[in-house]
Amino acid sequence: MNYRKLGRTDLMVSELCLGTMTWGEQNTEAEGHAQMDYALERGINFFDTAELYPIPPKAETQGATERIIGSWFKARGNRDKVILATKVVGRTDMDWFRDGGRKGELNRAQIEEAVNKSLKRLQTDYIDLYQLHWPDRAVTQFGSNPTIFRAAEGPENPIDEILAVLGDLVKAGKVRHIGLSNESAWGTMTFLHHAAVKGLPRVQSIQNAYSLVNRTFEVGLAEIAMRENVGLLAYSPLAQGYLTGKYRDGALPPGSRKQLFDRLQRYEKPGAAEAIDAYVTLAAELRLDPAQMAIAFATSRPFVTSTIIGATTMEQLRTDIDALDVTITEEVEARIDAIHQRQGNPCP
C-alpha cells in the first residue's frame, strides 16, 4: 500500500479508501466490522462515509453506516489508526436529517446539527475530513458534468458563509480538515478564493465520480487538483459494478444493487453499454480482472489522492484491494485512451 498526502495537510492517506455506503442496508454491522478489520490489515487507513448513508437514502436507515463505524471504533479501540472522512448533505428535499423535519441546506444551524449528530453516531470527538456532499446551490448534473450546461436558479447559502461555519468547526476541534464532493471547477476555485482572501480553511480534497466511463474530471478539475493540491477522491471507479462485467448482456445478478434497487441509470445512458463492453473486452485480452484494471487506472492518475472502493462481500473487497498489484503500463494506457477517444464519457 502506498500513501499520499491529503491536500496540503500532514495526513498521509492510503491510495485506496474504504467506501461504506452499503453498510446498514446490504451489509450488516458484523459484515461492516469484518470489512474494516480486513481493510486495516491490508494497509487501508482511510475510510469514507456520510450522514446520508446507507444508500439508497431512507428515513428509517439514515445514519446506520456511521453507527456501524462508531460501534467498531468502540469495540476495537483504534480510532487513532483511521483517517475518517464523512459528509454533510447539501440542499435537498429530504426532510429526515434535521430536527423538526426541516429540509436540508448548508446554513449554520444545519451544519452544526449535522456534525454533532455524526460525531455521536461515530463515537468520536473529531472528524479528520468533513466534506460537503453536494453543492448548496442550483447546479446541473450534480455539479460534476462539464460537458453539458443548463442554467439553473434557486436558493443557496453563499460559499463564504458556508466556509465560515466550517472554519468555526475546525477552531472547535470537531473537524480537522474540509473537502468538497460532487463539485464543479467554478465551485472549487470559489472555495479556494474565499479561503485565501478571508483566512478561512482551505479545502483539501474533492470527491467526484471518476471511472473509465466518466473521465469528465479531467476536463476542468484535474489541473486544479494538481496545481492547488486539492486531490481527487475518486468514487464509483467501477461505475457501480458495471465495469466488472457483471451486468453485461443484460445480466441481473441476484443481490446486486441493480436487482435490489434499480437506481443505476447514471450508467445506462446512450453509449454506455458499448463503452463498458469495450473495456471489459480489453481486460480479457490483457488477461486482467476488469475490476482490477478499472481501479488501477483510477489510482494511477496523478491528480487522484485516493480511489474509493466499496464491496458487499469479502471476495469483492479482496479483489478490489488486489488491484494494487496491477500496473497500468504505457501500452495499456494507450489502449484505454483509444477506447476513450471513440466512446467518450457516456456516464457523467
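1. N229 lies in the loop between α7 (222-227) and β9 (231-234). Helices (H or I, at least four residues) and strands (E, at least two) are DSSP runs, numbered from the N terminus. N229 is not a glycine, yet its phi is positive, about 55°. N229 is partly exposed, with a relative accessible area of 32%. Buried means under 20% relative accessible area, exposed over 50%, and partly exposed in between (1.4 Å probe, protein chains only).

2. A word on the source. This is a predicted model, where local features need pLDDT of at least 70 and side-chain atom pairs count only at pLDDT 80 or more, while totals for chains, interfaces and linings use all residues. Residues are numbered from 1 along each chain as its sequence is written, and side-chain values use heavy atoms, with hydrogens and water left out.

3. D249 also has a positive phi, near 55°, and is a residue other than glycine. Look for D249 in the loop between β9 and α8 (257-261). D249 is exposed, at a relative accessible area of 78%.

4. Now the cis peptide bonds. One joins Y53 and P54, with omega about 10°. Another runs from I55 to P56, with omega near 5°. P54 sits in the loop between β4 (46-48) and α2. P56 is in the loop between β4 and α2 as well.

5. Next, helix α2. Its 13 residues should span 18 Å at 1.5 Å a residue, and the end C-alpha atoms are 18 Å apart, which agrees. The expected span is 1.5 Å times one less than the number of residues. Buried residues of α2 include A64, I68, W72 and F73. The buried residues pack against α1 (29-41), β4, β5 (83-88) and α3. After α2 comes G77, with a positive phi near 65°.

6. How do α2 and α3 meet? The axes of α2 (residues 64-76) and α3 (residues 108-122) come within 6 Å and cross at roughly 45°. Axes are lines fitted to C-alpha atoms, for helices over the stretch in contact, and angles run from 0 to 180 degrees between N-to-C directions. The two helices are therefore oblique to each other. Angles under 35 degrees count as roughly parallel, over 145 as roughly antiparallel, 65 to 115 as roughly perpendicular and the rest as oblique.

7. Which residues make that contact (heavy atoms within 4.5 Å)? From α2 come E66, R67, I69, G70 and F73; from α3 come S118, R121 and L122. By class, the contact has 3 nonpolar, 2 polar and 3 charged residues.

8. The largest nonpolar core has 85 residues. Such a core is a set of buried Ala, Val, Leu, Ile, Met, Phe, Trp, Tyr and Cys residues joined through side-chain atoms within 4.5 Å. F47, Y130, L166, V213, F217 and Y279 touch the most other members. Helix α9 (residues 272-285) gives the most to this core, with 8 residues. Leaving aside neighbours within four places in sequence, F47 is in contact with residues including C17, M36, W72 and L84. A second, separate core of 12 residues includes L6, V13, F46 and Y235.

9. Last, helix α10 (residues 290-299). Is α10 buried or exposed? 10 of the 10 residues are buried, so α10 is largely enclosed by the rest of the structure. Among them are P290, M293, F297 and T299. The cover includes β1 (3-5), β3 (16-19), α9, β10 (304-309), α11 (314-321) and α12 (330-343).

Technical notes. Contact means heavy atoms within 4.5 Å. Ala, Val, Leu, Ile, Met, Phe, Trp, Tyr, Cys and Pro count as nonpolar, Asp, Glu, Lys and Arg as charged, and the others, Gly among them, as polar.
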